[in-house]
Amino acid sequence: MKTMFPFNVVVSLENAKWLDPAADAVRTAVKTTIRPQWLRDILHGVPLGHPLHPLLIQVPIGAWLSAAVLDLIPGTAAASKVLVGTGLAAAVPAAISGFVDWSDTHEQQLRVGLIHSTANVVGVGLYTTSLCERVAGRQDRGKIFGLAGLLVVGVSGFLGGHLAYRQAAGANHAEDVPHRMQPGWHDIGPLADLVENDLTQRVVGEIPVVVLRRGSRVDVLSDVCSHLSGPLHQGELRDLGGAPCVVCPWHQSIFSMRTGEVVHGPATAPQACFQTRLSDGNVEVSLPGAG
């Protein structure tokens, strides 16, 4: 089946380099304004284990869609006004979390996300006008601006879907590791070949892994960052809380080498963590749940 025309337009935005100056300026502003790592982790959704933005955006969209339905029913002006106001209030944290996620993405995602956020700003402006008109008693004008806002937010949602599903922003880019990994124990070479206290890449079957040796202990994680597929073996080794951690070189997500857990975002999904053992001087690894 032939792809719809609007989708082809969205795909063209991915390579619209003329958007880069504006995207860079907005990204810099976001990173400068929202600096505390603990706050960024919350807004990314690290405590939830998946992005926070899709959860928050349900409230304004649901409120505005409900207001549009009530606008068709006589005698519901007061309820519609409350719903429009609720959507505007809920749009603030949803937008903030979305901007934080967007600021840690690739160029193509930044371009589409810039148009997505611009459409949202326009939609919020239309709904703000709608609310003002409703408060002033001009219900018909309020309904018209509300309908226009819903249409713009719908276009923005289409772009958001493209970001989430076509461009995989926010998806777990290491989810396939257990399904592609063969069960059982696999030899990754002699312990003596691993440089002490250094990140090394090995390949188990077709799965790249990052390996850290400290004495006779070896920690092994999937090498593909769950955030946006960065190569962890090229990252920085850092001790946090007395435990070794790896910092992704692309967007600075931090994972525990001992457990694979996310220490700091933007990643929200943990890395696949392998069990290790020594057999005749060789290191063997096994992934629980593989296959």
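**Pockets and a helix crossing**

The lining of the second largest pocket has 5 nonpolar, 6 polar and 4 charged residues. Ala, Val, Leu, Ile, Met, Phe, Trp, Tyr, Cys and Pro count as nonpolar, Asp, Glu, Lys and Arg as charged, and the others, Gly among them, as polar. The model is predicted: local features need pLDDT of at least 70, side-chain atom pairs count only at pLDDT 80 or more, and totals for chains, interfaces and linings use all residues. Residues are numbered from 1 along each chain as its sequence is written, and side-chain values use heavy atoms, without hydrogens and water.

A pocket is an open set of points on a 1 Å grid over the protein atoms alone, where a 1.4 Å probe fits, with protein on both sides within 12 Å along at least five of seven lines; lining residues have an atom within 4 Å of a point. The second largest pocket has a volume of about 240 Å³, the space filled by probe spheres set on the points. Of its 15 lining residues, Lys31, Gln37, Arg40, His251 and Gln252 are the closest to its centre. Helix H3 (residues 37–44) gives the largest share of this lining, 3 residues. Helices are DSSP runs (H or I, at least four residues), numbered from the N terminus.

The largest pocket holds about 1200 Å³ of space. Its lining has 50 residues; His53, Pro54, Ile57, His116 and Gly160 are the closest to the centre. H8 gives the most to this lining, with 10 residues. The lining divides into 25 nonpolar, 23 polar and 2 charged residues.

H2 passes H6 in a left-handed crossing, with the near helix turned anticlockwise from the far one by less than a right angle.

Conventions. Helix = DSSP H or I, 4+ residues; strand = E, 2+ residues; numbered from the N terminus.
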